[in-house]
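Please keep the sequence and the structure in view while reading.

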Amino acid sequence: MSETKHNWTKEEILNIYNKPLMELLYEAATVHRLHHDPNTVQVSTLLSIKTGGCPEDCGYCPQAARYHTNVEGNDLMSVQQVKAQALRAKSSGSSRVCMGAAWRNVKDGEEFDQVLEMVRTINKLDMEVCCTLGMITENQAQRLAEAGLYAYNHNLDSSEEYYKEVISTRGFEDRLETIDNVRKTNVTVCSGGIIGMGEKVEDRAGMLVALSTLNPQPESVPINALVAVEGTPLEDQEPISIWDMIRMVATTRIIMPETQVRLSAGRTEMTREGQAMCFFAGANSIFAGDKLLTTPNPDVNEDMKMFELLGLNAQKPFIKKMQPETVEATDSKYQALGEKPKWTRPEHTIERNEVAKQKAKVVK
Ligand code: SF4
C-alpha cells in the first residue's frame, strides 16, 4: 500500500479532476479497492439537535437567523429524544449518529453538558457518535472525547478564497483552528465541503488542497451538492451536474485514499445510476434519513433498496477505529473553563448575503 501524500498542489489536483472521465474513474476505483472494501458503505444518520436561529451568515444555510426561510427553530433536544432517534437509526442500519446544533461556537454551560450526556448515551448504544456544533476550543474537544465522541464534523466548505464569498461572520482560519483542536484528542476528524455555490473548479481544487495537506488527512470527507433553499443568498444557484459530483468524488478518493468519502446533501437530485457511479468512483459513506438537518434526503427504505440492487452492505461501527470509552461526568478530569476564545470576525460584507438579509426584514 502506497504512503499517503500530504503535499498535493492545486495544479496536480486539477490535472486529476480534469482527466478524461473513464481514466479518472478507473484510477479512483483502483485506489478505492486498495484501501477499502468496494461493496461496503458506511451509513450515518444526521440529527438536528438544535435547529435554526444561528447568528452566522453562511450563504447556503436556511438555519441562519438573518434569512427568511421555512425552517422552524427548535430548542436543544432532550437526551431521551436523542436516544430514541439513535435507536431508530441503529435499527435501520446506521452505524453512526451525527448530531448537529446551529451554533456559532460551543459555550460551556448546561446545554453543552446536555450534549456531552447525549454523546455518552449514544456511545453506550455501541454506535459511532459524531457532533457538529460549530467552533470548539481544545478543552471542549477534550471533554467531548472523554464522553466517548468518535468524530467531530467541521467543514471547510470551499477554498479559502471562495469562503470569503459565502461567509463573512468568521474566517477560514477559525475552521482550521477547530480542526486542530479536535486533532489534539483521539476524536476523528470529518471535514469536507459543498460544490455548486458558484465557485470555480479551481476553488474545488483549493478546498481539496486544504483538506489533503492536513496531516493526518480527515478520516471522513463529506462532499455536498448545494441544495438551494428559498430565502438564502444562494437560492438562485443552478444545481450542479452529476458529472461534477462524480469528478469531485473521484478526485477526493485519489488524493485521500484512506478517507471515507461521504455523499452528503443533494442525493435526492441524483438518480440511482448517478449514485452508483459515485460509489464506483470511491464514495463509501452516505447520510440516511429523510432529512439532512433541514434539507430533504432519500427515504431509508429507498436507500436499502438501492444497496440491495447494487450489492452493497452497510459498514459495521468501529471498523476503522476502536470504540472510545465513555467517562461519566462525575469522573471527568476536565473542568469547564468558560473560555471566550477570540474567533475572528472579518470585516468584509457579501452583497448577496446583505440582499437576502434585507429581503428577510421586509418579509418578517
Ligand atoms: S452552516 Fe452552521 S454556522 Fe452556518 S449559518 Fe448554518 S447553522 Fe450557522
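How many helices and strands are there in the chain? The chain has 12 helices and 12 strands. The structure is a predicted model, and the points below are grouped by topic.

**The chain as a whole**

- Along the principal axes, the C-alpha atoms of the chain fill a box of roughly 55 × 45 × 40 Å.
- Of the 364 residues in the chain, 49% count as buried.
- Among the contacts in the chain with a separation of 6 or more, 82% are between residues 24 or more positions apart.

**The annotated domain**

- An unreviewed UniProt entry gives the annotation "domain: Radical SAM core" to residues 39-267.
- The span of residues 39-267 is 36% helix and 18% strand, and its end C-alpha atoms lie 19 Å apart.

**The surroundings of the ligand**

- The residues that surround the ligand are Cys54, Glu56, Cys58, Cys61, Gln63, Ala64, Ala102 and Gly134.
- Sorted by class, this shell has 5 nonpolar, 2 polar and 1 charged residues.

**The annotated binding site**

- Under "binding site", the unreviewed UniProt entry lists Cys98, Cys130, Cys190 and Arg262.
- These residues are spread over 165 residues of sequence, yet they cluster in space, with a largest C-alpha distance of 13.8 Å.
- Cys98 belongs to strand 2, which covers residues 96-101.
- Cys98 counts as buried because 28 other C-beta atoms lie within 10 Å, where 20 or more are required.
- Neighbours within four places in sequence aside, Cys98 is in contact with Ser44, Leu46, Leu47, Cys130, Thr132 and Asn153; one of these, Cys130, is also listed under "binding site" in the UniProt entry.
- Arg262 is part of strand 8, which covers residues 260-263.
- Arg262 has 25 C-beta neighbours inside 10 Å and therefore counts as buried.
- When neighbours within four places in sequence are left aside, the contacts of Arg262 are Gly192, Ser220, Val221, Pro222, Ile223, Ala283, Ser285 and Ile286.

**The nonpolar core**

- The largest nonpolar core has 96 residues, and those with the most contacts inside it are Val119, Leu144, Leu149, Tyr152 and Val249.
- Helix 9, residues 242-255, supplies the largest share of this core, with 7 residues.
- Leu144 touches Leu116, Val119, Cys131, Leu149, Tyr152 and Val187, residues up to four places away in sequence not being counted.
- Among these partners of Leu144 are Val119, Leu149 and Tyr152, which are themselves listed with the most contacts inside the core.

**A residue in a loop**

- Val327 is located in the loop between strand 12 (313-314) and helix 12 (351-363).
- Apart from neighbours within four places in sequence, Val327 is in contact with Glu146, Ala147 and Ser332.
- Val327 and Phe280 are 47 residues apart in sequence, and their C-alpha atoms are 40 Å apart in space.

How values were computed: Residues are numbered from 1 along each chain as its sequence is written. This is a predicted model: local features need pLDDT of at least 70, side-chain atom pairs count only at pLDDT 80 or more; totals for chains, interfaces and linings use all residues. A residue is near a molecule or strand if its C-beta atom, placed from the backbone, lies within 6 Å of it. Ala, Val, Leu, Ile, Met, Phe, Trp, Tyr, Cys and Pro count as nonpolar, Asp, Glu, Lys and Arg as charged, and the others, Gly among them, as polar. UniProt positions are given in the numbering used here, feature names are shortened, and annotations may be inferred rather than shown by experiment. Helices (H or I, at least four residues) and strands (E, at least two) are DSSP runs, numbered from the N terminus. A residue is buried if 20 or more other C-beta atoms lie within 10 Å of its own, exposed if 12 or fewer, and partly exposed in between; C-beta atoms are placed from the backbone. Two residues are in contact if their C-beta atoms, placed from the backbone, lie within 7 Å. A nonpolar core is a set of buried Ala, Val, Leu, Ile, Met, Phe, Trp, Tyr and Cys residues joined through C-beta atoms within 7 Å.
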